[in-house]
Amino acid sequence: MSLEPGAARPADPPRAMSAARSERWWAFQAKYSPYFFVAPFAILFLIFLVYPLVRSFILSFHQTAGSITHFVGLRNYAFLPRDQLFWISALNTLFYTLAFLLCQIPAALILAILLNSKRVKCKSILRFAFFAPALVGQVFVAVIFTLLLANNGPVNNTIRSVFPTAELNWISSPVLARPAVVIASMWLSTGFGMIYLLAALQSVDKQLYEAADVDGAGRWSQFWHVTLPGIRPVLTFLILTGTIGGLQLFELPYVLFNGTGPGQAGLTIVAYLFSWLELGEMGTSSAIGWVLAGVVIVVSLVQVRIARGSKEAP
Amino acid sequence: MISFHLGKPILVMAVLALVAGGVGMVVRRTENRADIEVWTFAESHWRTFNGIGLAPDAPLPKRDFERDTGKSVSIKLIVARALNTRLSMQFMGDTKGDEVPDLVEVEISTVGRYFRPPVDQVGFLPLNDFIKRRGWEGKIVESRLAPWSKDGVIFGIPQDVHPVMITYNAELFEQAGIDLASSATWPAFWKNCLAFQKYWREHGEPRRWALELSESNSDSLVTMLLQRGVNVVDDQNQVRVNDPKVLATLLDYVRMIDDGPQRIGASTASGNQSYSQDFASGYIGAMFCPDWRLKYVKDYAPSLAGKLKVMPMPAWPDSPYRTSTWGGTMMGIPRNARDPELSWSLLEKLYLTPEGLADTMHRTYILPPVKTVWNDPIFEETDPFYSNQPVRKLIRELGSNVPPRYVSPASTVAQAELSMVLIKAIARHHANGDAGLEEYCRGLLDEATNAVAARIAHGRMDDEP
């Protein structure tokens with residue numbers, strides 16, 4: 001038996017069912033595949049970020065000791081302003097953040113300008129040399145500076161070769177401890193800022209300098225009116241990341257002083273948080289964490305708003 | 001030709017991740033847990049327990065225990081901070097099973113955190129019953145059980161007594177014509193130290209100081225306070241930072257360390273190697289020396305061999321003690337340990353028997369708190385490094401008279417507050433001398449007391465009395 005060409009085939013029930021199934025499958029895929037693609041990230045995000053955040057927020061209203069937890073409402077938050085160590089840690093953090101911004105960014109800019117100059121030789125080597133400390137991390141830098149700044153270390157021995165009776169206990173003196181952290185931190189991250197600023201300097205339109213030259217602008221005027229506006233986005237980024245880094249400072253002073261340092265000079269907000277964690281008081285630690293998060297968010301928003309405002313200004 | 005729509009690099013990374021993950025799963029290291037697992041933070045303890053450096057046929061308590069009980073023992077060396085974090089988390093989560101160690105060593109500066117919960121919720125097992133049942137009552141130095149106890153419940157067995165002496169460079173003091181050991185009281189000691197410095201200033205040593213004292217850390221101050229019978233947080237969790245004895249000691253301390261006619265002290269860099277080198281260089285002539293420091297000085301300052309001597313701490317007029325205590329370690333059994341009886345048997349073997357204590361006693365100067373081993377002949381031996389003095393004999397004499405030291409979560413906070421008071425007091429003395437110093441310090445100590453009390457109140461659990 002055979003069918004003539006063009007004649008309609010009788011419906012094949014299994015094939016029709018299969019086609020329908022296939023269609024449903026494609027429709028299902030079209031509808032849900034984006035969710036499947038997003039699922040791995042979403043699941044990990046929920047488990048490792050959202051859940052801990054929510055949990056820590058809930059914990060911040062509790063008191064914990066060992067396996068016991070009590071709801072205490074806002075007591076942990078209310079305690080912080082009454083604790084002297086909280087204010088010491090806040091002032092230390094503010095000091096370090098301002099010191100980083102005021103010392104590090106100008107230093108990075110000077111280095112970047114020098115390395116951008118045609119007169120400087122061996123730029124690649126210098127660039128790597130300045131950037132290298134940023135690769136090793138805070139703990140390593142702290143260990144190095146513990147040795148460099150030791151009582152009989154190379155820094156003090158050099159100073160004593162000029163001033164024989166100088167007593168400079170960088171690590172144990174409350175007066176010198178904070179400068180020690182700033183010096184170590186500058187060594188660590190000035191090169192990092194320099195690399196960004198160097199890239200920004202190199203991307204400033206050369207024609208603008210030529211035009212400024214024609215208009216009779218001097219070097220300072222060119223820097224102020226051409227260079228700075230040209231690198232402003234990078235400067236904003238560095239100020240923002242520097243501020244956040246300063247607010248979150250912990251490892252460097254903690255390793256340098258093997259604790260919170262003389263007179264709590266190394267007690268930053270995160271170290272203060274850690275001190276409560278060490279006591280097993282997760283509730284107070286969480287409250288401090290949320291206060292810090294709030295401060296970081298507010299400061300970042302303010303900085304972004306200022307940067308945006310100055311950009312939009314005529 | 002195989003093509004991959006996301007590009008070759010992604011394909012290579014995906015394949016590598018799959019292969020690495022697969023290999024990792026297949027050859028995953030399956031570590032068999034020993035029957036008894038001990039966590040320690042001190043490398044020296046780890047070496048002692050494992051018999052590292054000993055002759056193969058030397059007696060080893062761990063090996064004897066394994067032979068006698070047929071149970072395997074693993075001693076794990078874990079960095080102190082990691083050990084405390086893991087243990088705290090286990091206690092917090094009430095962890096049970098193989099993850100929980102059977103025995104743990106904890107250092108005195110970190111033990112307070114474990115005593116925050118009410119006694120029946122502390123993560124360590126109470127040991128009073130074991131001590132009584134196994135006949136150890138009265139055989140362990142009573143004052144050394146105090147740091148490891150809460151409300152009379154003992155949670156750890158001490159490894160040491162750590163009496164504090166003064167170690168001094170006898171050669172330098174003798175050159176200056178001073179017999180420092182004759183200083184029976186603090187005023188006499190102070191006077192001798194000033195004479196020592198005067199001699200060396202006249203002989204071209206402007207940077208030679210008599211005594212190691214910290215200008216920012218309250219360790220030495222706390223050592224002096226303990227000698228005077230003051231715990232900054234006492235056994236009733238009462239803050240005693242503004243005790244009149246604290247004020248008097250602080251005033252003396254400030255005058256001893258700050259520039260001025262009374263100065264005898266100078267800071268050294270932190271770390272056992274650093275202070276030993278400062279001692280060897282002659283930067284300092286004497287220092288507070290708990291028994292554990294004697295070994296470090298010997299190891300890190302070999303040039304001082306035969307030049308050093310030890311003496312008891314000079315006496316305070318209002319205290320019977322000629323010594324203090326500094327540092328300490330305990331061993332405890334976690335409440336969720338699998339077999340507490342077995343854990344106790346090993347603890348007993350390592351910490352309380354002569355075989356277990358022999359290596360520590362012979363290799364270091366650490367005095368065990370178990371009085372039954374104090375008649376070991378080693379206590380009569382003279383020590384060439386310390387000018388042929390019977391150093392261990394002195395340690396033993398002082399060890400039976402160590403003041404009690406109490407530890408609570410607030411102790412660390414109180415000590416930190418005291419450090420800040422010290423710094424402010426020194427700064428004030430530096431600027432104004434003695435004028436108004438006493439009132440100023442009294443105010444600082446009151447403020448510090450309030451701050452510590454507020455922290456205790458904040459950290460107190462609602463169901464605690």
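Chain B averages a pLDDT of 91, and 97% of its residues score at least 70; pLDDT is the predictor's confidence in each residue, from 0 to 100. This is a predicted model, in which local features need pLDDT of at least 70, side-chain atom pairs count only at pLDDT 80 or more, and totals for chains, interfaces and linings use all residues. Residues are numbered from 1 along each chain as its sequence is written, while chains are lettered from A and ligands numbered from 1 in the order in which they are written.

Let's start with the sheet of chain B. Five strands form an open sheet, in the order E2-E1-E3-E12-E6, with mixed pairing. Strand E2 (73-77) and strand E6 (157-158) each have a single partner strand, so one side of each is left without a neighbour in the sheet. Strands here are DSSP runs of at least two residues, and helices (H or I) are runs of at least four, numbered from the N terminus; two strands pair if DSSP finds at least two bridges between them. E1(B) and E3(B) run parallel, joined by two bridges, and B:Trp39 has B:Val104 in E3(B) as its bridge partner.

Now to helix H4(B). Its buried residues are B:Leu83, B:Asn84, B:Leu87, B:Ser88, B:Gln90 and B:Phe91, where buried means 20 or more other C-beta atoms within 10 Å of the residue's own, exposed means 12 or fewer, partly exposed lies in between, and C-beta atoms are placed from the backbone. The face turned away from this buried side carries the exposed B:Arg81 and B:Ala82. After H4(B) comes B:Asp94, with a positive phi near 50 degrees.
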